[in-house]
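Please look at the sequence and the structure below, and keep both in view while reading the paragraphs that follow.

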Amino acid sequence: MWWFQEGLCVLPVALVIWTSATFIFAYITAVVLRHVDPLVPYISDTGTMAPERCVFGLMLNVSAFLGVATMYVRYKQLQALVDGADTRLNRLNRAGLVLGCGSSFGMCVVANFQKTTLFSMHLVGAVLTFGVGALYVFVQTLLSFLMQPHVHSRAVFWTRLSIAGWTLASIISMFVSSVIMYSSLPGVEVNKKLHWTPGEPGFTPHIVSTISEWSLALSFVSFFLTYIRDFKKINLRAEAQLQSNHLYDSHHHRPASSRGRTETSPLLAGSI
């Protein structure tokens, strides 16, 4: 058995690889077509113009789906590991799932509303993706703290705490530099500005802001890498329970031998 066939570790692996490929493909295409400058553009800028915005939107929607799947598996895993009487851990676990789904929904908004077309909606999506996504990272880090060393090692907690600190630093840097950039360019539609010249007003805070955004995205990707080892120890399955031995609206008789069938497949009901 290959390592990626153990449990469900293929989920975070697929999420990391697919999301990274989304950013890299959009960046290369946008730079080759000269839609953006090669020097660290915003991630959203690389998915603004056609044709890269079409593929960027499609691939980012897939990333959102993989994100929801990964966060749901994480939720089911912790649900099975945590004592049902521990209300604090269970509430944090549920909060993590809600925050994770909110962040994934934000990715869909970012993917489908370009900043040059409908900036307000794109901004809402960015806040959901990065802001709510950061809260998800903090909640999962707190859960790791509360569960170590009984469930996993202290090294896992310290790794996640380091990434959480990286995430927080990137958010602060991006927010401060963005405020400075917008304040230095009054009357300029910055959201539609895709090309920058070194030395022009706002260039330095723009570069700091874009580097911070890429750093923030990389911190998210790195956080999901810490799930790979955990996901080797869980499988999920779905069980179909028939309420009837036929699909007619009215009473219909079928031989008794066909009743009581169930069908299972690896999807929903968790096992560790």
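**Cores and a pocket**

The largest nonpolar core has 35 residues, and those with the most contacts inside it are Val 73, Tyr 136, Leu 143, Phe 224 and Phe 231. Such a core is a set of buried Ala, Val, Leu, Ile, Met, Phe, Trp, Tyr and Cys residues joined through side-chain atoms within 4.5 Å, where buried means under 20% relative accessible area with a 1.4 Å probe and protein chains only. Two or more residues of this core come from each of α1, α2, α3, α4, α5, α6 and α7 (227–231), and α4 gives the most, with eight residues. Helices here are DSSP runs (H or I, at least four residues), numbered from the N terminus.

This is a predicted model, in which local features need pLDDT of at least 70 and side-chain atom pairs count only at pLDDT 80 or more, while totals for chains, interfaces and linings use all residues. Residues are numbered from 1 along each chain as its sequence is written, and side-chain values use heavy atoms, with hydrogens and water left out.

Leaving aside neighbours within four places in sequence, Phe 231 is in contact (heavy atoms within 4.5 Å) with residues including Leu 8, Pro 12, Val 73 and Gln 77. A second, separate core of eleven residues includes Phe 23, Leu 60, Val 110 and Ala 126.

Ala 126 also belongs to the lining of the largest pocket, where Ala 126, Val 127, Phe 130, Met 174 and Glu 213 are the residues nearest the centre, out of 39 in the lining. α4 gives the most to this lining, with eleven residues. A pocket is an open set of points on a 1 Å grid over the protein atoms alone, where a 1.4 Å probe fits, with protein on both sides within 12 Å along at least five of seven lines, and lining residues have an atom within 4 Å of a point.

How values were computed. Buried means under 20% relative accessible area, exposed over 50%, partly exposed in between (1.4 Å probe, protein chains only).
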